[in-house]
Amino acid sequence: MRKNRPGWSMLLMLLPVLLFVGGCSVVGPDYQTPDLTKAHGAGWLGQPGAGERTSFSMDAPVARWWEQFDDPELTRLVGEVVEANLDLSKARERIVEAGLRRRLTGADRMPYVNLDGKIVQAGTGEKAVNREGPSPGEEATLFSAGGFSGWELDLWGRVARLVEAANRSYEAELETYRYVSVSLTAELVLAYIDVRTLEERLGALEKNIELLTKSLELVELRYRTGTSTELEVKQIRRQLNQTRALGPELRRARSVAANTIAILRGQVPAENHLAEGTHMHVPEMMGIGLPVDLLTRRADVRRLERQYAAAVAMIGSAKADKYPRLSITGSIYFQTDDLGILFQPESIVYSLGPRLSFPLFDAGKLQTKVEIRGSQAEQARLELEKTLLTAVGEVENSVVGIVHNQERVGFLGAALENAIRSVRLADQLYRIGLGSLFELIDAQREQIKVQDELILAKQFELGEIVRLYRALGGGWDVPGRKIVKKRTQGEERNE
């Protein structure tokens with residue numbers, strides 16, 4: 001048998017191929033950050049100035065914006081949400097998955113090597129024709145051990161574009177985590193505002209009940225002395241019971257809000273799991289930055305921008321499928337029917353060489369795939385532009401809401417002062433017999449109504465501030481980045 005071994009002839013044959021590979025380039029469009037200035041404009045409408053208590057500046061918003069409410073209990077709860085919320089845990093796992101997919105895609109750049117071994121009992125009938133097995137009428141046991149390898153040369157950047165898309169998708173998942181973090185923080189703060197507002201309403205209700213109870217005692221005393229009627233007693237009792245009836249609903253709503261906080265913290269709802277907080281005030285100064293900052297601050301905008309970049313990269317990958325593919329494959333086996341000489345040189349069977357494939361005719365499938373990827377990229381760009389436009393609108397609405405609601409709070413504060421004075425005057429007139437009980441009850445009812453409206457207006461004002469910061473992207477810092485980095489540390493080492 002003639003003995004052949006790989007030599008310089010094979011290497012010389014592959015040299016032109018390698019030179020050809022070095023001259024190839026990545027096909028498809030390179031990503032360019034889109035110009036979205038038309039979507040956000042140069043500044044906010046009217047450049048919002050000073051409100052009654054709060055002023056806006058073009059400075060960037062503070063990172064840990066919830067600390068502006070100066071409530072240690074709220075700050076503690078935000079930290080717990082970042083640590084234990086289940087939605088955030090799921091978002092972290094999606095980052096891990098995206099990192100693993102990125103690693104899987106990058107592996108296509110490298111050669112692969114597979115080992116193989118087998119024992120085959122082969123036989124051929126006396127009249128059978130078998131060009132590769134034993135002779136007719138004979139049987140043999142074949143022993144084989146070896147391996148094969150291959151490497152696809154990325155001539156046109158097909159794999160490079162796939163890796164680029166995987167990197168952008170990984171970055172998009174990081175922004176998804178940030179978006180979930182910002183949203184959950186805002187949801188927690190809104191629920192916390194609900195709890196404190198309901199506690200304030202309950203406190204005001206108790207004071208009003210005390211006020212009505214004293215009025216009832218006065219009417220009952222006058223009834224016993226014959227200067228009042230049973231009808232007046234019934235009327236003041238009705239007003240007192242109607243006011244007391246507001247308590248159960250407020251306590252129910254307070255429990256629901258507290259349960260929401262517990263669930264956000266990843267805990268089973270329980271009684272009295274919240275410590276006492278402070279009376280929340282509106283910050284005196286809030287930075288809102290410029291509309292263009294939303295491109296880099298809002299996580300949902302950045303996520304869509306990264307997804308758009310990934311979609312553009314996929315166009316290049318689809319376009320590369322239209323070009324020839326070149327692979328270098330090789331195999332080496334020890335194969336014989338004599339186990340004793342299995343790993344001897346005379347049992348070697350090898351092959352090595354390039355393989356070129358070219359899509360000659362496919363009825364336009366590959367071109368259609370390129371056009372599909374192009375359409376998907378355009379959809380991603382339009383979604384990005386729409387989201388940015390929506391973000392600008394959300395900020396504008398929240399700013400306007402804060403300014404106008406501050407006016408409302410001011411009017412209601414003045415109305416409450418008048419209502420309190422009216423109750424005092426009506427009570428004094430009734431005690432000296434110059435006023436009627438109806439006037440006193442009406443004044444008390446109006447005080448209760450205005451006081452509750454004022455508390456609700458302050459709640460809405462605080463809520464608008466939370467919604468403003470959520471619309472701004474929650475500041476620049478995101479609690480929990482260290483958790484993500486620790487969870488994906490293995491992925492970051494592979495970047």
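## Exposed loop residues and packed helices

At 60% relative accessibility, Ala363 counts as exposed, because the cut-off for exposed is over 50% relative accessible area. The model described here is predicted. Ala363 lies in the loop that runs between β6 (348-357) and α10. Its phi is near 60°, which is a positive value in a residue other than glycine.

Asp70 can be described in the same terms. This residue is not a glycine, yet its phi is positive, at about 55°. Asp70 sits in the loop between β1 (55-57) and α3 (72-84). With a relative accessible area of 60%, Asp70 is exposed.

Gly433 follows α10 and has a phi near 85°. The table lists these phi values.

| Residue | Phi |
|---|---|
| Asp70 | about 55° |
| Ala363 | near 60° |
| Gly433 | near 85° |

The protein as a whole has 13 helices and six strands. Of its 495 residues, 43% are buried. Among contacts with a separation of 6 or more, 83% are between residues 24 or more positions apart.

Next come the helices themselves. Helix α10 covers residues 365-431.

Helix α9 covers residues 299-320 and has 22 residues. From its first C-alpha to its last, α9 reaches 32 Å, close to the expected 32 Å at 1.5 Å a residue. Is α9 largely enclosed or largely open? Of its 22 residues, 20 are buried, so α9 is largely enclosed by the rest of the structure. Buried here means under 20% relative accessible area.

Two packed helices are described by the angle between their axes and the distance between the axes. For helix α10 and helix α11 (residues 437-472), the angle is about 160° and the axes are 8 Å apart. That makes α10 roughly antiparallel to α11, because angles over 145 degrees count as roughly antiparallel. The crossing of these helices, α10 and α11, is left-handed. Which classes of residue make up the contact of α10 with α11? There are 23 nonpolar residues, along with ten polar and nine charged ones.

Technical notes. Residues are numbered from 1 along each chain as its sequence is written. This is a predicted model: local features need pLDDT of at least 70, side-chain atom pairs count only at pLDDT 80 or more; totals for chains, interfaces and linings use all residues. Side-chain values use heavy atoms; hydrogens and water are left out. Axes are lines fitted to C-alpha atoms, for helices over the stretch in contact, and angles run from 0 to 180 degrees between N-to-C directions. Helices (H or I, at least four residues) and strands (E, at least two) are DSSP runs, numbered from the N terminus. Angles under 35 degrees count as roughly parallel, over 145 as roughly antiparallel, 65 to 115 as roughly perpendicular and the rest as oblique. A crossing is left-handed if the near helix is turned anticlockwise from the far one by less than a right angle, and right-handed if clockwise. Ala, Val, Leu, Ile, Met, Phe, Trp, Tyr, Cys and Pro count as nonpolar, Asp, Glu, Lys and Arg as charged, and the others, Gly among them, as polar. Buried means under 20% relative accessible area, exposed over 50%, partly exposed in between (1.4 Å probe, protein chains only). Contact means heavy atoms within 4.5 Å. The expected span of a helix is 1.5 Å times one less than its number of residues.
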